[in-house]
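Work through the exercises below with the sequence and the model at hand. Each task is followed by a solution in steps.

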Amino acid sequence: MGVPQTMVALAYRAEFMKEALEKSQTITDNMVSILGSFDHRLSALETAMRPTQIRTHSIRRAHENIDKTLKSAEGILTQFDQTRKAEAKILRGPHEDLESYLEAIEQLKATVKFFSSNKNFKSSDGVVHHANQLLAKAIVKLEEEFNTLLANYSKPVEPDRLFECLPNSLRPSSASDKHQGEGGNKHSPEQQKSLATAIYTLPTLIPPRVVPLLHDLALQMAQAGHQQQLFRIFRDTRATVLEQSLKKLGVERLTKDDVQRMQWEVLEAKIGNWIHYMRIAVKLLFSAEKKICDQILEGIESLRDPCFAEVTVNSVSVLLSFGEAIAKSKRSPEKLFVLLDMYEIMRELRSEFELVFGSKACMEMRESAFNLTIRLAQTAQETFVDFEEAVERDATKTAVLDGTVHPLTSYVINYVKFLFDYQSTVKQLFQELESTDPEGQLAAVTTRIMQALQTNLDGKSKQYRDPALTQLFLMNNIHYIVRSVRRSEAKDLLGDDWVQIHRRIVQQHANQYKRISWAKILQCLTVQGEGQSSGLSRTMVKERFKTFNVQFEELYTRQAQWTVPDSELRESLRLAVAEVLLPAYRSFIKRCAPMIETGKNPNKYIRYTPEDLERMLNEFFDGKTYNEHKRKRRAASLWKCGCAGSLPAKS
């Protein structure tokens, strides 16, 4: 019963769905028909609207073209207006307002660029031609302005201003020193180090506010193709001013012949000045000139270095030519130390030369400075050899009559002392000339000079007729050499062995002096055997006393005038003589004096007590005459007697 009812219900529903689908299809067909009619109508409408759309688009494009044309016209009018204003500034010239003038030039360049890139304008060529003509006039006026501005603000630097730029240790202490320079004064190693790190203040060559204007002018000239005119103006103006600065300082061009004709004192002063001038020129003037050149010609690489080279070449030549003239002039011993001073300043300035003149354009000046350094070193080395030979060959006939230190000895020793003041420089010099052992070479030079001096002294000692004075002369001079070496840095190089050997030589000469001077007189005091007279008769004793008195007085008269200048050596020699003479004399007096004391006039024979001899020995080697000693003894005797008031007044 239940199944048939269900089937009926399903059948009913299926029928209902079929009817619904059929209705839906009918509606769909109707809608398709309606939409088809709309599509036809829209196509017709679009066809009808197309002419209107075309007209609207054309109008829009026309508006856009009008806007563009208006903008172009506005740009052209702006260019014409700016060109007119720029032309007015150009015609007025750069004197009133240089910065505006430079802006006007830039505007003209922009105008030329604008119309050159817009050739479709009918007037473009005319505008470009006119602007270029204005630019040509402007650049000529710029060139004149650059020349005027550079000349007006380029003035020689006064010496006082340069001295203020130096470190305190190098500034002249007074007005009288301003043209004297160093004058050969030697700086200690400590001072050399402080000089190497000293601060130099570059002088202001052109006011800082003017430099940027000059730079802008130079840049415009270079961009306009006026490089040669710029080069010529800058070179001629700055080179002249630099030379004037050096001339005011005292620099002058001197040839080898000029140097050769000068008196040594004048030449020495000029060398001292040259050393000072070199330091000022390189560290101050040339460095400042390099700075100003770099600032004004910045961005113009093709001109900057050649321009600086041309500005400085003549001034550098003047300074170096004096050094060359000295290096090539006739050598002499007194020139050695100024040569070393000159070599030293060139060494000191080498790094500055490399820095300031480091460009390819300055290569010739760099090489000239380096070559001068080498030439000075070679001349100094050759002067060493000349000095050795001059010492050995010195034939001065000036005899020192008292046997004291010969002037040649003191001269040579002072020379060696000065040489050791320069020992760091000398070692650098030897190293510059490719020495592998500069210290050993300095020691060898010193040794050869000392040997040359001793050889010469040996020859001079033969001038004395008295062999005792020969020994005293050699003793004095060798002792002076040894003492000087011991008190100087030469001792470290020559060594203790050298000192000890020469001390023994001094002692040998002292012993030779004693033997020659006193051997004969001591024979008078020699008594063989024992007893009072040991076989000597009274007559023989008297003769012995007479001989002793004569010989001693002769020695005293002669040797009291001789000189041993060193007080220690003098006392040592007197003591050595006294130690031999006085004991012998006391012994002789004790043994032989009683034989004649009982006779007539014993004082005729026994003239001196041991104390008298001791006192007179203390007057030996004083360099005073017999009469001077006699007056001295008489005065001393009168004072003892309370008779000082009777002394004659000193004249």
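Contact means heavy atoms within 4.5 Å. This is a predicted model, in which local features need pLDDT of at least 70 and side-chain atom pairs count only at pLDDT 80 or more, while totals for chains, interfaces and linings use all residues. Residues are numbered from 1 along each chain as its sequence is written, and side-chain values use heavy atoms, with hydrogens and water left out.

**Exercise 1.** Describe the surroundings of Glu334.

Step 1. Helices (H or I, at least four residues) and strands (E, at least two) are DSSP runs, numbered from the N terminus.

Step 2. List its contacts. Not counting residues up to four places away in sequence, Glu334 touches Trp264 and Tyr411. Trp264 is 70 residues from Glu334 in sequence, and their C-alpha atoms are 8.8 Å apart in space.

Step 3. Look for a polar contact (a pair of N or O atoms within 3.5 Å; within protein, one must be able to donate a hydrogen and the other to accept it, and residues adjacent in sequence count only if both atoms are side-chain atoms). The side chain of Glu334 makes one with the side chain of Ser332, at 3.2 Å.

Step 4. Classify the exposure. Buried means under 20% relative accessible area, exposed over 50%, and partly exposed in between (1.4 Å probe, protein chains only). Glu334 has a relative accessible area of 35%, so it is partly exposed.

**Exercise 2.** Is Ser517 buried or exposed, and what does Ser517 touch?

Step 1. Ser517 belongs to helix α18 (residues 490–524).

Step 2. Its relative accessibility is 8%, so Ser517 counts as buried.

Step 3. Apart from residues up to four places away in sequence, Ser517 touches Ala468, Leu555 and Gln559. With Gln559 there is a polar contact between the two side chains, at 3.0 Å.

**Exercise 3.** Check the span of helix α17 (residues 467–486).

Step 1. The expected span of a helix is 1.5 Å times one less than its number of residues. For the 20 residues of α17 this should give 28 Å.

Step 2. The end C-alpha atoms of α17 are 28 Å apart, which agrees.

Step 3. Turn to the N-terminal end, which Asp466 caps: a side-chain oxygen lies 2.8 Å from the backbone nitrogen of Ala468.

Step 4. α17 is mostly covered, with 17 of its 20 residues buried.

**Exercise 4.** How many disulfides are there?

Step 1. Apply the rule: a disulfide is a pair of cysteine sulfur atoms within 2.5 Å.

Step 2. Take Cys293: the closest cysteine sulfur, in Cys307, is 5.1 Å from its own sulfur, too far for a bond. Cys293 counts as buried at 1% relative accessibility.

Step 3. By this rule the count is zero disulfides.

**Exercise 5.** Summarise the protein chain.

Step 1. The protein chain has 22 helices and zero strands.

Step 2. Of its 651 residues, 41% count as buried.

Step 3. Among contacts between residues at least 6 apart in sequence, 81% join residues at least 24 apart.
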